[in-house]
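Subject: Structure for your files, with notes

Hello,

Here is the structure you are taking over. Please open it alongside this email, as the notes below refer to it throughout.

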Protein chains: 2
Amino acid sequence: MGDWYAHDPMTALEAKEAAQHLAFAPFAFQAARSLRDLGVLAALDAAGASGLHTDEVARQCGISAYGAAVLLDMGLSARIATESGGRYALTRVGHYLLHDAMTRTNFDFSADVCYRGLANLTQSVREGRPAGLAEFGDWPTIYPHLAELPERAHRSWFAFDHHYSDAAYAQALPYLFAQRPGRIVDIGANTGRFALRCLRHDPQVRLTLVDLPQQLAVARAQLAAHAERVDFHPVDVLDPTSALPMDGDVWWMSQFLDCFSSAQVVDILRRVGAAMPTGATLCVLECFPDRQRFESAALSLNATSLYFTALANGNSRFYRCSEFLPLVRAGGFAVQEQVDGIGLGHSLLVLRHHR
Amino acid sequence: MGDWYAHDPMTALEAKEAAQHLAFAPFAFQAARSLRDLGVLAALDAAGASGLHTDEVARQCGISAYGAAVLLDMGLSARIATESGGRYALTRVGHYLLHDAMTRTNFDFSADVCYRGLANLTQSVREGRPAGLAEFGDWPTIYPHLAELPERAHRSWFAFDHHYSDAAYAQALPYLFAQRPGRIVDIGANTGRFALRCLRHDPQVRLTLVDLPQQLAVARAQLAAHAERVDFHPVDVLDPTSALPMDGDVWWMSQFLDCFSSAQVVDILRRVGAAMPTGATLCVLECFPDRQRFESAALSLNATSLYFTALANGNSRFYRCSEFLPLVRAGGFAVQEQVDGIGLGHSLLVLRHHR
């Protein structure tokens, strides 16, 4: 996982301070959310270096001076604002919370999808099921119910998903189409977002979308304009009696295998390998915490793994590359090419089946 | 608020990384909680510098290897553990989470009392009421209902309260008894914890306990062994028609005025000043974020103020000393003596009424 985590970087005093910051982390998080959503960060941003008094913040944001003061004082401790002579100003952290799309997207995913359910993390680990999902419904996994999430959670879930996948798709497409596929089989096609990009990228290419029936119903609507080039193959890939497609030049799995346990990953790869035509390529787009340039990217993936644990399915994660490649081999595939640094931190694996 | 918060300490890159840590703070917090409560921190602690593999952690803690791995990997990003060659070891932050009483007390207060309710912080500020209290009951404020909190929340609330007040009481008592009081009037006596210390400290002293009837019912039971030296004065001090005691040499308010808005603080002080006998002293024990030695102590108070906002009453806080002293003057009192650094960060104000 990089050199970031090999050594303890703190003195005893620094660590005791950091432990309190961790103990009060929910306060920092919710204060940041309130400061953003109530318009306080925007007011400070507009005021610039001269800053604002709490009374001015209160007036501009339509909240009490008391509310402005308690939020801003927690904002000081969370390094979102500075204060000097009673005037509060935005820090760089505050700037990113307000303006940076990735930060906002991560924040909203935490706040709207995960915050409440994460309180059941211990129970989720003990019981091997996403116990936090009960916040949304009495469901064994989240996947067939994405469309039923409350509006904010639904929007933040897809914004998070799309923020990362859109950036990755743009850079992954050339690798796929360099293989001049006549048909792409998209396993875990979800709402058809990647399929749509392929259809627009190449006016000849045909696609087969494979996913749960609920997902494909959404995809069918999204791709209606290209219906003559798209086939739908509704299936639960975990069902060993289900049939997979038997054609296609390129098979594609984008952030699909991270939704399964390591034993399931091997099983799915074996069944895919058995179905794929000879000569076809399997392209896997994944996020590996141990192939990141920035520590915060590894953090982001390690955190999102706990979304799988507590909310999605209870048994999957963003695997380390070092543990994923042995699963690929056990599933019957060899790595032909690996490209890291796709989009904001994806890796593309081009795989060939052993025959 | 000290020099800690006057300047932005981060470069742009550091700030962007820190913003992601804030965005994923609930994951770090809940992972830390699970690592502690599932025994993982204790297992790493026992293993020492050689560390443990995830399989060993799983076996020792009775959880899945998957669960151990996702929690430990988030633990890396939260600086709770290090990893080298597949072996995880405890950092100093992890050590404090496991062993330090203050850190555990703060953490449990966050987790058991505040975590869920804080999700309603924005609404609380907008509406000027503790909207997060709905997690526990349909109550306008928390104070009359402390005894009704769920068992974990109840225990963590009182452990948090007692951890700080016990340390402060020990150091504050000599200042009080230097005045050789015959009777102490304890305003906001809560469950009688301070009163009991006074009764034990001085076998002659008599006390009058002033608080809501619900609190005094608990105090009466706690102080049964000293009943002949204790009077109870059940009253809502916010009720302008209520009568206060008229005797006593020392009047005592420990972390009482932080439970009220600044306007209410002035009003209470005026009514107390009118009731106190000539020559009596008012001793106020408070926590001021701007009179702390350590940044994490200011953080702790700024965070706990949001407990008042979202869960307790919606309008109070730990005031800065610089804003509290003007309230004292407006309430009719002058500061005779101020002692900072009482216990873990309290300040004792010895006040005289202007006549």
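The notes below go from the whole model to the contact between chains and then to single residues.

Overall picture

This is a predicted model. For the complex, the predictor reports an ipTM of 0.96 and a pTM of 0.96. The average pLDDT of chain A is 96, and 99% of its residues score at least 70.

Chain A contains 14 helices and nine strands. Its C-alpha trace spans about 70 × 50 × 40 Å along the principal axes. Of the 355 residues in chain A, 54% are buried. Among contacts in chain A with a separation of 6 or more, 65% are between residues 24 or more positions apart.

Two domains

Chain A is split into domain 1, residues 3–99, and domain 2, residues 103–353. Their C-alpha centres are 35 Å apart. Four residues from domain 1 of chain A and five residues from domain 2 of chain A make up the contact between them. On the domain 1 side, the residues that touch domain 2 are three nonpolar, no polar and one charged.

How the two chains meet

The contact between the chains involves 79 residues from chain A and 79 residues from chain B. Several elements of chain A each supply at least two residues to its side, among them helix H1 (12–23), helix H5 (65–77), strand S1 (81–84), helix H7 (101–118) and helix H13 (295–312). The largest share, 11 residues, comes from H2(A). By type, the chain A side divides into 42 nonpolar, 23 polar and 14 charged residues.

Do the copies meet through the same surface or through different ones? Of the interface residues of chain A, 100% are also interface residues in chain B, so the copies meet through the same surface.

The nonpolar core

In soluble globular proteins, nonpolar side chains tend to be buried together. In this model the largest nonpolar core has 238 residues, and the members that touch the most others are Ala28(A), Val40(A), Ala28(B) and Val40(B). Which residues does Val40(A) contact, leaving aside its neighbours within four places in sequence? The contacts of Val40(A) are Leu35(A), Val57(A), Cys61(A), Ala68(A), Leu71(A) and Leu72(A).

Two arginines with positive phi

Arg79(A) is not a glycine, yet its phi is positive, at about 65 degrees. This residue sits in the loop between H5 and S1 of chain A. Is Arg79(A) buried or exposed? Arg79(A) counts as buried because it has 25 C-beta neighbours inside 10 Å, and the cut-off for buried is 20 or more.

Arg180(A) also has a positive phi, near 45 degrees, and is likewise a residue other than glycine. Its place is the loop between helix H9 (151–177) and strand S3 (183–187) of chain A. Arg180(A) has 11 C-beta neighbours inside 10 Å and therefore counts as exposed, the cut-off there being 12 or fewer.

Two alanines

Ala280(B) lies in the loop between helix H12 (262–275) and strand S7 (281–287) of chain B. Ala280(B) is buried because 20 other C-beta atoms lie within 10 Å. Not counting residues up to four places away in sequence, Ala280(B) touches Gly248(B), Asp249(B), Val250(B) and Trp251(B). The C-alpha atoms of Ala280(B) and His353(B) are separated by 8.2 Å, with the two residues 73 apart along the chain.

Ala221(A) belongs to helix H11 of chain A, residues 213–222. Ala221(A) is exposed, since 10 other C-beta atoms lie within 10 Å.

Regards

Key. Residues numbered from 1 in each chain as written. Chains lettered and ligands numbered in written order. Predicted model: local features only at pLDDT ≥ 70, side-chain atom pairs only at ≥ 80, totals over all residues. Contact = placed C-beta atoms within 7 Å. Helix = DSSP H or I, 4+ residues; strand = E, 2+ residues; numbered from the N terminus. Nonpolar A, V, L, I, M, F, W, Y, C, P; charged D, E, K, R; others polar. Domains from an automatic or database assignment. Core = buried A, V, L, I, M, F, W, Y, C linked by C-beta atoms within 7 Å. pLDDT = per-residue confidence, 0-100.
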